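Hi,

Here is the structure I promised to send over. Have a look first, and my notes follow below.

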Amino acid sequence: MAETTTAATALPKGFRGAAHGWPELHRIPHPPHRLPLLGDVLGTDRHTPVQDSLRHARRLGPIFRRKVFGKEFVFLWGARLAADIADESRFAKHVGLGIANLRPIAGDGLFTAYNHEPNWQLAHDVLAPGFSREAMAGYHTAMLAVAGQLTDHWDRRLAAGHTVDVPGDMTRLTLETIARTGFGHDFGSFERDRPHPFVAAMVGALSYAQRLNTVPSPLAPLLLRGPSQRNAADLAHLNRTVDDLVRARRASGGGDGDLLDRMLATAHPETGERLSPQNVRRQVITFLVAGHETTSGALSFALHYLSRHPEVAARARAEVDRVWGGSPAPGYAEVARLRQVRRVLDESLRLWPTAPAFAREARQDTVLAGEHPMRRGGWALVLTPMLHRDPEVWGADAERFDPDRFDAKAVRARAPHTFKPFGTGARACIGRQFALHEATLVLGLLLRRYEFGADPGYRLRVTERLTLMPQGLRLRLTRRTPNSAPRCPAHGTNA
Ligand code: HEM
């Protein structure tokens, strides 16, 4: 049984391996052919840790462990286990290896803060109203304007007889959207052939953080000397970009009440405290990164599935025509009325939740799902793409794309905590409504304007860069009803 630890007992500093948290670890299976020192590395690819874990999950069952270069973690995905670990009274977010390696980028920003850091609660309370319905309605016009830039860009590609680069363009779209709505900043992504230097620095810093997950710590300074110098330059670029942005805002005397205004000027409603300049920098980076990578992946997977399922696309398109008609600029409230489109998005996030895992730790000694003793501080990674494929919840055809799984009746019939693309509990995604509104709006606009032609030779390959993305996805567009879409007043071009 679990050893007793009191709340006063200090937890070991740094990485806590599975042996610390799971007194009956021997009952949790691991892959065969474990190598001394190296661990479960045979047949793994450091570029695809999530997809490797999915393969292991299929063979080893709803809870399993992996050891990589001496570090051992527990993964779980069975619906019963995932539901129990969602219990906030016994478990909380764990800032595990993957997230701790992001701390040089985002410090105690919302996503990477430890639960005990006072800046988490402060920033959460100050920023949460920035995601209220009212605030969301305020972002809608800017979202429409950026979507208009995307369709202008796609119209030009189409006119020139070219295919479109879906992940690249969705990344442009979502970066511009969070930058403009949150910070009144324009990266000019659609005017550039190559990614904006901020994006290049961000990708570099995220890739470096991901490499640290799989390099044995003592060897990191030796193996990663060159990359760590590049990483320092990338971090300096991120910080410079954000500092310039903040300086310009301060000089202008304030914006229109966006996230940056909130970060700079809003005091905590009870304590009157404000975010420090250092923390503002970390929050801006956090929101620019967290606010676009995951949404661009979600949109890209949805477009992939729509191109492969013309019957689903036709149904969703008919809904857009019915609900929006020829409305030049669909209003804020018109977006939530696109039920079919939202189901496509949910089903895409079920199969490929673009933030594919989140970690939970025990607040006290406990027994997970009545079966697995855990010590306080013991933790596990919830492997969301497998939770979303648990046949006991989703049926024997869980791999099949079927948006009807998200019609209201089916959702009501399902057990809670079985669909978790946005994480769980107090540390779940603060930007959920933002992402869903943006993605539903954009899919609606694209469905109304184009037919999506898939390349018959394309096989879905998934790239992993902390978040998931369909690799190399290109679509051939056909304009549905030329000149029928009215002009969008938000940016002066076609909606
Ligand atoms: C489809 C899009 C998105 C997905 C799948 C997603 C997923 C997630 C997940 C799984 C978490 C929890 C991580 C954990 O427990 O460790 C999270 C947290 C977070 N997300 Fe998102 N996210 C999305 C979009 C956004 C957007 C648009 C924003 C900002 C505008 C955002 C900002 C954040 C922040 C700040 C946190 C940390 C919250 C906290 O700990 O208080 N996300 N997200």
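Predicted model: local features only at pLDDT ≥ 70, side-chain atom pairs only at ≥ 80, totals over all residues.

Staying with α13 for a moment: the helix is mostly covered, with 12 of its 14 residues buried. The buried ones are Asn279, Val280, Arg281, Arg282, Gln283, Val284, Ile285, Thr286, Phe287, Leu288, Val289 and Ala290.

Now the ligand. There are 26 residues around the ligand, and the closest are Gly291, Thr294, Gly423, Cys429 and Gly431. The elements giving two or more residues to that shell are α13 (277-290), α14 (293-308) and α21 (432-449). By type, the shell around the ligand splits into 16 nonpolar, 8 polar and 2 charged residues.

On to the domains. The assignment for the chain has domain 1 as 18-41 + 58-104 + 358-383 and domain 2 as 123-353 + 390-479. Their C-alpha centres are 28 Å apart, and 19 residues of domain 1 are in contact with 19 residues of domain 2. On the side of domain 1 that touches domain 2, the elements contributing two or more residues are α3 (79-85), β3 (91-93) and α4 (97-100). Of these, α3 gives the most, with 3 residues. That side of domain 1 is made up of 13 nonpolar, 4 polar and 2 charged residues.

Cheers

Terms used: Residues numbered from 1 in each chain as written. Near = placed C-beta within 6 Å. Helix = DSSP H or I, 4+ residues; strand = E, 2+ residues; numbered from the N terminus. Nonpolar A, V, L, I, M, F, W, Y, C, P; charged D, E, K, R; others polar. Buried ≥ 20, exposed ≤ 12 C-beta atoms within 10 Å, placed from the backbone. Domains from an automatic or database assignment. Contact = placed C-beta atoms within 7 Å.
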